[in-house]
Amino acid sequence: MSQHIGAPCKPTVAKRQEVKAGDVIGDSDAFVSAKIHSPVDGVVKDIANRSHPVLGRELAVIIDVSEDNTAKLPKPESFESFNLQDYSQEQILEAITTAGIVGMGGAGFPTNVKVAPNEKMPKHTMIVNACECEPYITCDYRVMLEWTKQFIAGVKLIQKASGCKTVHIGIENNKPKAIAAIKEVLSSTSDSESIDVVTLKTKYPQGGERQLINAVMGKVVPTGVIPPMIGLLVCNVATAAATAEAVVLGQALTHRALTVSGKGIKNPGNFYCPIGTSVSDLIDHCGGLTDDAVKVVLGGPMMGFSIADMETPTTKTSGSILVLTKKEIGKANYLARQTNCIKCGRCVGVCPENLIPCDIASSVRARDLDRANRFNMSACMECGCCSYVCPANIEITGLIKTGKILNARNNRK
Amino acid sequence: MSKDKLFVSPGPHISKPISTRMVMLDVIIALLPALLAAAYFFRLRAVIVVATCVISCVVTEWLICKIRKQPSSIGDLSAVLTAIILAFSVPPMLPVAFLIIGSVFSIAIGKMVFGGLGNNPFNPAMLGRAFLTACFGMAMTTWTVPANINPELPQIGPKGATVAEKYQGQGLEGITEATPLAWTKNAIKAKTLAQAETIIKENFNNSQLKAVLIGYTGGCLGETSSLALILGGIYMLLRRTITWVIPVSVLASAFIFAEIFHFFKPEVYVNPLFQMFSGGLLICAFFIATDPVTNPMTTKAQALFGIGVGVLIMLIRTVGAYPEGVMYAVLVMNAFTPLLDRLCKKTPIGGVPNAA
């Protein structure tokens, strides 16, 4: 029931109730929230706490899939003759709200709230985050390549709904096929004059919101400011594709493309699967684990969360499941010894936010939060670059995350 | 599914294959050319000096870890590195007992009392050398020129007084000889301009540069061969073990400083290129000042640190009491490191967050 930032949904169904695919099963009165729909036909088996990829344990609706459930398939062909003029701004917004679309890149901010025109903060430019900068993940790339028309339709719909004048599609230069496909669709369809493709350098974390805006527009987003406050709208590839589905086909967000990868999985691949599928089902579908698999991660290898419960369901924001082997994780292993910080400054050199990560980490380790805050701990976006390069194998990112949690706890008191 | 083998931990879940040991090993590899050069010029003596330092440094660190009941930290190879740098910065003929004292001091007082690698404010090797200089001043300033050098090679020093001509075929291991920098110093200290000019002219003929570049001059064990040191420096830069900031700032500031003096009084102050390649400037720029523990972390602070080291070295060389100033320059700037780091605090992209 928590698949987005904001108020969690309350179940709208009861135990043993029959549900059809697309039925609303969770909703909330709060402004910043998004509906949740059943992806399958079936019977509500239980409403109870289940493992959540990020939040520990959360309330969930468990549905027994009925035998006559037909698998939903993507319909990219329905967007062949897409015409933007068929849909009004209100219609699009309404469809996004009904479909319960959230930012599918990871944060899960409800799209209807983000897109809706706001008089206080008029939006002028939209940036499509097509970077997919984390290693391993390729689901956005496949979406752009295979459902190009659907993706572009979604981009145009969101542009119209938000009233943005220009659109930049920021894409890394390691995806030349996707760039070519998008450019072709843009040149062959109407209403594409205001959309351009910006090719960016391939680097991590290029897809971070602030990094992307900087790379595409050369504009620095002040710390603590979110893009809408300066008239920008950033949206992700999967979100655009889901919006197109919602508006044109009237379908709720119940399925998404997802990468299952890593050396620890026998048959890696990209799948279009119901949201809420358990990790173990997906892993079994891909042939199971290899013998040397040591870690299962929901999300990317840099910012994702490793999970302890294989029955953890995927959510609207789960873009990937990675099964990593001992060799792949290298020294990112709790068993590997951490040595003293040698103050080499490698973390300082790689920090995309220009911080001094090792000083923040040492402050948190000493429980000196004031010092950590003096080193601007809250400006950290937890990309993981510092831990990645650390020769002493210090879990810098982990320590900073801990520090932020301690900070939040202190502020609550 | 084999669930029992899986584990969880905070991200990132992949990492760069790099460790402190690999960083240290890279620096040691980079020092190999200089080690070979030392072995060529000083033969067995070089091997004795380096081996003594390495063994005593490693044993000291191991013992201290044992005494503190902590897991042994000798695996990170930093003790080996400290030992090699210490060995490279002492006169080749230093008695073995002195070497052991210096090594023990470097590791015990220079590093371990602060809590081991990463916590020491001063470069341990330079601290050990400073201790030796304070205790055994005479031995620490008695330089030898390799005796086995080819007499055909151009020499530094007055004609007829140089090694090869004087002692050819006497089977000596080495001959005590003033270092190139000592000659430089003599010129600066000379009472009259004419005297200075004579010293410079007598001692520094056109082949001086070649001598200091290849390394058949008097000096510390590992410092004499500039070519070998440059080779090692380039290796580290290519491997990205060090960044260019400190070597460039040290060398550039020292060069500019020397050039200014040379420009105004060429009869007293030698060619800056000669300054570059003699003494410990190169080993300092590539291996000593770049010690990550004792230099600042931000690029700006590192540049200031490097400039400080370069200028201090040349200040000591030209107006100080010693012919060479690497050791003191590095130690003084080490003391400034926390201050420089504080001075060059980085502003986060987008400004300081106002949230507490």
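This is a predicted model: local features need pLDDT of at least 70, side-chain atom pairs count only at pLDDT 80 or more; totals for chains, interfaces and linings use all residues.
Me: Happy to start simple: which domain of chain A holds residues 346-412?
Reply: The assignment for chain A gives domain 1 (10-65), domain 2 (76-249) and domain 3 (255-329).

Me: How far apart are the C-alpha centres of domain 3 and domain 4 of chain A?
Reply: The distance between their C-alpha centres is 27 Å.

Me: What length does helix α14 of chain A reach from its first C-alpha to its last?
Reply: Helix α14 runs over residues 396-412 of chain A, 17 residues in total. At 1.5 Å a residue, 24 Å would be expected. The model comes close to that, reaching 25 Å.

Me: Why do the buried residues of α14(A) lie on the same side?
Reply: The buried residues are A:I396, A:T397, A:L399, A:I400 and A:G403. They are on the same side of α14(A) because the arc they cover around the axis is only 155°.

Me: Which exposed residues does the face of α14(A) turned away from its buried side carry, and what do the buried residues pack against?
Reply: The face turned away from the buried side carries A:I405, A:A408, A:R409 and A:R412, which are exposed. The buried residues of α14(A) pack against four helices of chain A: α10 (346-350), α11 (357-365), α12 (369-374) and α13 (385-389).

Me: Which element gives the most to the side of chain A that touches chain B?
Reply: Contact between the chains involves 58 residues of chain A and 41 residues of chain B. Elements of chain A that give two or more residues to this side are α8 (279-285), β13 (293-298), β14 (305-306), α9 (326-329), α13 and α14. With four residues, the one that gives the most is β13(A).

Me: And how many charged residues does that side of chain A have?
Reply: Sorted by class, the side of chain A that touches chain B has 30 nonpolar and 19 polar residues. The charged residues there number nine.

Key: Residues are numbered from 1 along each chain as its sequence is written. Chains are lettered from A and ligands numbered from 1 in the order in which they are written. The expected span of a helix is 1.5 Å times one less than its number of residues. A residue is buried if 20 or more other C-beta atoms lie within 10 Å of its own, exposed if 12 or fewer, and partly exposed in between; C-beta atoms are placed from the backbone. The arc is that of the directions from the helix axis to the C-beta atoms. Two residues are in contact if their C-beta atoms, placed from the backbone, lie within 7 Å. Ala, Val, Leu, Ile, Met, Phe, Trp, Tyr, Cys and Pro count as nonpolar, Asp, Glu, Lys and Arg as charged, and the others, Gly among them, as polar. Domain bounds come from an automatic or database domain assignment.
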